[in-house]
Amino acid sequence: MLPWKRLLRPLTALLLTAVVAVVPAATAHAAAPSSGWNDYSCKPSATHPRPVVLVHGTFANSTDNWLAFAPYLVDRGYCVFSLDYGQLPGVPLFNALGPIDKSAEQLQVFVDKVLAATGAAKADLVGHSQGGLMPRYYLKFLGGAAKVNTFVGIAPDNHGTTLDGLTNLLPYFPGAEDLLSAATPALADQIVGSAFLTKLNAGGDTVPGVHYTVIATKYDEVVTPYRSQFLTGSDVHNVLLQDLCPVDLSEHAAIGLLDRIAFHEAANALDPAHATSTNCASVFS
């Protein structure tokens, strides 16, 4: 075997491992049924008139990614829903691996289902990691802007990731990028400079009519550099978690899975009329 081929396998494995790291070990077992959300009999209230659709990240699923945040919103009176997307044949539990444009089509169908069930005219979206990126395709190319009021991305890879520079090594290993594209298209789509990202970001990051919020952490080890997560547009609120609470050490997984400071700021974005200051004390809110 040629030397580059011997190196290709561990390089690919390392790329996969870096992304798998965003999912807690609990994902290895069958996801437990959600409790308190995905209730299609839920009707939005006058206080919270739009249902919230939660969009998980790479290798995650509709339950494990939201075990903390979905109940957080339900307790505050929201109708909350989450979907599984981006499944690959023969790969159970681990989702968001298929082509991201096709995943956006699944989101399109799901949002229509939620709106039909709740009777709401529009929904709000909150996504973690790839879930903070993929809906932008839906908003821009699949008519989502007419059906979404607010979109919150938590640690999204809006302009791709270098995985701390690791993806810069791919051109030195012939076949590596083709291998990623064939085996896990979503990973290839999320690399800086991919054809998917070039199309998505051409002509501007945002579309009119949607309120965007991005919540990032400077300790993100998966989406690097972390400032590449931020969007540019006339209706964008970019937030660095450490500006809200300097001692918050959450990295890529924790900010979406369990960080109540990030949750509080996301809730502010969903209901700006009743927003309260987000700070270190928000862990108790």
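Modeller: A residue is called buried here if its relative accessible area is under 20%, exposed if that value is over 50%, and partly exposed in between. By that criterion, 54% of the 285 residues in the chain are buried. The model is a predicted one, and its chain has ten helices and six strands.

Helix 4 is mostly covered, with six of its eight residues buried. The buried residues are Met134, Pro135, Arg136, Tyr137, Tyr138 and Leu139. Their packing partners are strand 1, helix 3, strand 3 (123-128), strand 4 (148-154), helix 7 (195-201) and strand 5 (211-216).

Six strands form an open sheet with parallel pairing, in the order 2-1-3-4-5-6. Strand 2 and strand 6 are its edge strands, each pairing on one side only. From one strand to the next, the twist averages 15°. Helix 4 lies across strand 1, strand 3, strand 4 and strand 5 of this sheet and runs at about 155° to strand 4.

On the side of helix 3, the contact is made by Ile100, Asp101, Ser103, Ala104, Leu107, Gln108 and Val111, and on the side of helix 4 by Met134, Pro135, Tyr137 and Tyr138. Sorted by class, this contact has eight nonpolar, two polar and one charged residues. Met134, Pro135, Tyr137 and Tyr138 are also among the buried residues of helix 4.

The chain on either side of helix 4 deserves mention. In the loop between strand 3 and helix 4 lies Ser129, a residue other than glycine with a positive phi, near 60°. Ser129 counts as buried because its relative accessibility is 5%. After helix 4 comes Gly143, whose phi is also positive, near 80°. A further positive phi in a residue other than glycine, near 70°, belongs to Leu93, which is placed in the loop between strand 2 and helix 3. Leu93 has 28% relative accessibility and so counts as partly exposed.

Strand 1 (residues 52-55) pairs with strand 2 in the parallel sense over four bridges, and Leu54 stands opposite Ser82 in strand 2. Together with helix 2 (residues 69-74), these two strands make a right-handed β-α-β unit. In strand 2 (residues 80-83), Val80 and Ser82 point one way while Phe81 and Leu83 point the other way, and all are buried.

Two remarks concern the wider chain. Of the contacts between residues at least 6 apart in sequence, 75% join residues at least 24 apart. In the loop between strand 5 and strand 6 (236-240) is Pro225, which is joined to Thr224 by a cis peptide bond with omega about -10°.

Notes:
Residues numbered from 1 in each chain as written. Predicted model: local features only at pLDDT ≥ 70, side-chain atom pairs only at ≥ 80, totals over all residues. Heavy atoms only, no water. Buried < 20%, exposed > 50% of the residue type's maximum accessible area, 1.4 Å probe, protein only. Pairing = 2+ DSSP bridges. Right-handed = clockwise from strand over helix to strand, strands pointing away. Contact = heavy atoms within 4.5 Å. Nonpolar A, V, L, I, M, F, W, Y, C, P; charged D, E, K, R; others polar. Axes fitted to C-alpha atoms, helices over the stretch in contact; angles between N-to-C directions.
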